[in-house]
Amino acid sequence: MKRILVINGPNINLLGLREPDIYGTKSYADLVSFIREASSKAGLTADCFQSNSEGAIVDEIQKAYGNFDGIVINPAAYTHTSIAIPDALKAVGIPAVEVHLSDINSREPYRRVSYTSDACIATVAGKGFEGYEEAIRILQTAVCGGKSRA
């Protein structure tokens, strides 16, 4: 079975508390459960990782080399500030899909710039938890050739 790594950046651990009008009322634990179920439906196994630290995210991307077939990444605020995260994604060469709970293109101007997107095969934004499921399906097609089981 193909394995994917789902990486969530800063403040995603505060889902349900942080700006529920933008991010919803479900918790990070709810998101992890949703991701695991969506991955299973796609015939993939998902490991989830969350950190508020850019360096820890870079380390996790590097550790993924040779261990995972794809990456779903929500770099959160690092989307707009980090060069190290897309550099790590490019270095490992694992297919990656960027995902955002909110529609970053309709928010503050600084949120409309994504350094991460150039290192990803697709970006999904503004679909809440369902955006992760779409990202997983995109990866499933990329790593399994569209087959429902690896």
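**Strand pairing and overall fold**

In strand E5, Val124 is the bridge partner of Val99. The model is predicted; local features need pLDDT of at least 70, side-chain atom pairs count only at pLDDT 80 or more, and totals for chains, interfaces and linings use all residues. Residues are numbered from 1 along each chain as its sequence is written, and side-chain values use heavy atoms, with hydrogens and water left out.

Strand E4 (residues 96–100) and E5 run parallel and are joined by four bridges. Strands count as paired if DSSP finds at least two bridges between them. In a regular strand, side chains alternate between the two faces of the sheet. Strand E5 spans residues 122–125. Its covered face carries Ala122 and Val124, and its uncovered face Thr123 and Ala125.

The protein has five helices and five strands. These are DSSP runs numbered from the N terminus: helices are H or I of at least four residues, strands E of at least two. Along the sequence the pattern is β-α-α-β-α-β-α-β-β-α. The radius of gyration is 14 Å, close to the 15 Å given by the globule rule for 150 residues, so the protein is as compact as a globular protein of that length. The radius is taken over C-alpha atoms, and the rule is 2.2 Å times the number of residues to the power 0.38. The C-alpha trace spans about 40 × 30 × 25 Å along its principal axes.

Of the 150 residues, 47% count as buried (under 20% relative accessible area, 1.4 Å probe, protein chains only). Among contacts (heavy atoms within 4.5 Å) between residues at least 6 apart in sequence, 75% join residues at least 24 apart.

Technical notes. Buried means under 20% relative accessible area, exposed over 50%, partly exposed in between (1.4 Å probe, protein chains only).
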